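Subject: Handover of a structure

Dear colleague,

Please find the structure below, together with its sequence. My findings follow it.

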Amino acid sequence: MRACWQVERVGSLCRLVNGRAFRPSDWSSQGLPIVRIQNLNDETRPFNFFNGNVDEKHLIDSGDVLLSWSGTPGTSFGCFVWSRGRAVLNQHIFRVTVDTDRMLKEFFAHALNSRLDEMISLSHGGVGLRHITKKKLERIGLPVPPLTVQRTIVDVIGECLERVEEIRKLRSESLRQASSLEGAVFADFVSGHVRRTKNTPVVPLARILLRTQYGTSSRANTSREGVPILRMGNIRDGHLDLADLKHIRLPVREIKKYILSDGDILFNRTNSLALVGKAATFTGLGGDWVFASYLIRLEVDRSRALPEYVTAVINSRIGRRFVHRSARRAIGMVNVNARQIRRMELPLPSVAEQQSLVERLREAKTASDRIRSDLSMESIKGLPGSVLERVLGGGLHA
């Protein structure tokens, strides 16, 4: 049978000291790194630094236990064993001095993380930002098995979490490959069609374009004033993503100049090498929409080419090879101008044949969407918590 472990309150197992309230004006480019909540949750996030005098109680080093007690539920709260050297602690994070005669630091962190739902339920604040008081936190109960059992549990949890991290990395790579599936498949569709028919003409994009146009350079806003404006970040995986949408106030004559019509192709002319040259077809959004200066509008002659077909070719390996050959490198950015994109060559079957290829692309998109859904990182986000609950809640027997 499972051993009956004594349960003690957090306040009896440790001492909690809050970090220092740094202001942006305190930040520096040198000195000790300031550990904020974002640095606990994501090791890739950059540090701010502090170059002044620091109270000893706000200094931390590798091996110290840190507890984030404020922020967004589900992402900000958590307990960590710090491993990145000497630093200074920001507010909203407790430095935790654990009574190591009764509890291992690593076990304390795991045990408290298994109580995150309870922590969040006891916190106060709005939907987006909450915090738990020190008094309520200190009343949360934690299991206290013998130190030898704690060590065994820490080892078991460590092995389990290593497997979770392996799963995360594998899925991340699979998602990356799935994102390029449509472009690769469509290039194969077109190449296969060209081989079969043997008489498909290859023409420069200029031969089927009615016009090219750069977007407006006027400043957008987040207050939803004016008309919606599409920017380079709204082109994702060959489609329009409206999750981060801004608006812009323009005179009527300017709106008429930049207003989008169904079938217009938006081409991202400036970005990183991986993203420059991506395109999406504007269709079916309703109302007046305009586009920003880092995009080029491509209007095709629909008697000769379907906008969806041209967009798919641009996003396929055919278009990517052209962009990589033609793009001009600048510091941190890559550029493709309207004159260059007009020179891109593409196979041009009949409109009926283009329609057939686009239909096959839609089938490929449905398959890739299914793969992305199956590989979704959301499905493994809860695994660490499940491991902790399983091991600390009865999955390990004495």
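How many helices and strands are there in the chain? The chain holds 14 helices and 27 strands. Please note that this is a predicted model.

As to the chain overall, 42% of its 398 residues are buried. Among contacts with a separation of 6 or more, 77% are between residues 24 or more positions apart.

Strand β5 runs antiparallel to β9 (residues 87-89), and two bridges join them. Within this pairing, Ile 60 has Ala 87 in β9 as its bridge partner. In general, the strands of a sheet pair through backbone hydrogen bonds, either parallel or antiparallel.

I also examined a pair of helices. The axes of α9 (residues 307-315) and α10 (residues 317-326) come within 4 Å and cross at roughly 55 degrees. An angle of 65 to 115 degrees would count as roughly perpendicular and one under 35 degrees as roughly parallel; α9 and α10 are therefore oblique to each other. On the α9 side, Val 313, Ile 314 and Asn 315 take part in the contact, meeting Arg 317, Ile 318, Gly 319 and Arg 320 of α10. By type, the residues of this contact comprise three nonpolar, two polar and two charged.

Yours sincerely

Technical notes. Residues numbered from 1 in each chain as written. Predicted model: local features only at pLDDT ≥ 70, side-chain atom pairs only at ≥ 80, totals over all residues. Heavy atoms only, no water. Buried < 20%, exposed > 50% of the residue type's maximum accessible area, 1.4 Å probe, protein only. Contact = heavy atoms within 4.5 Å. Pairing = 2+ DSSP bridges. Axes fitted to C-alpha atoms, helices over the stretch in contact; angles between N-to-C directions. Parallel < 35°, antiparallel > 145°, perpendicular 65-115°, else oblique. Nonpolar A, V, L, I, M, F, W, Y, C, P; charged D, E, K, R; others polar.
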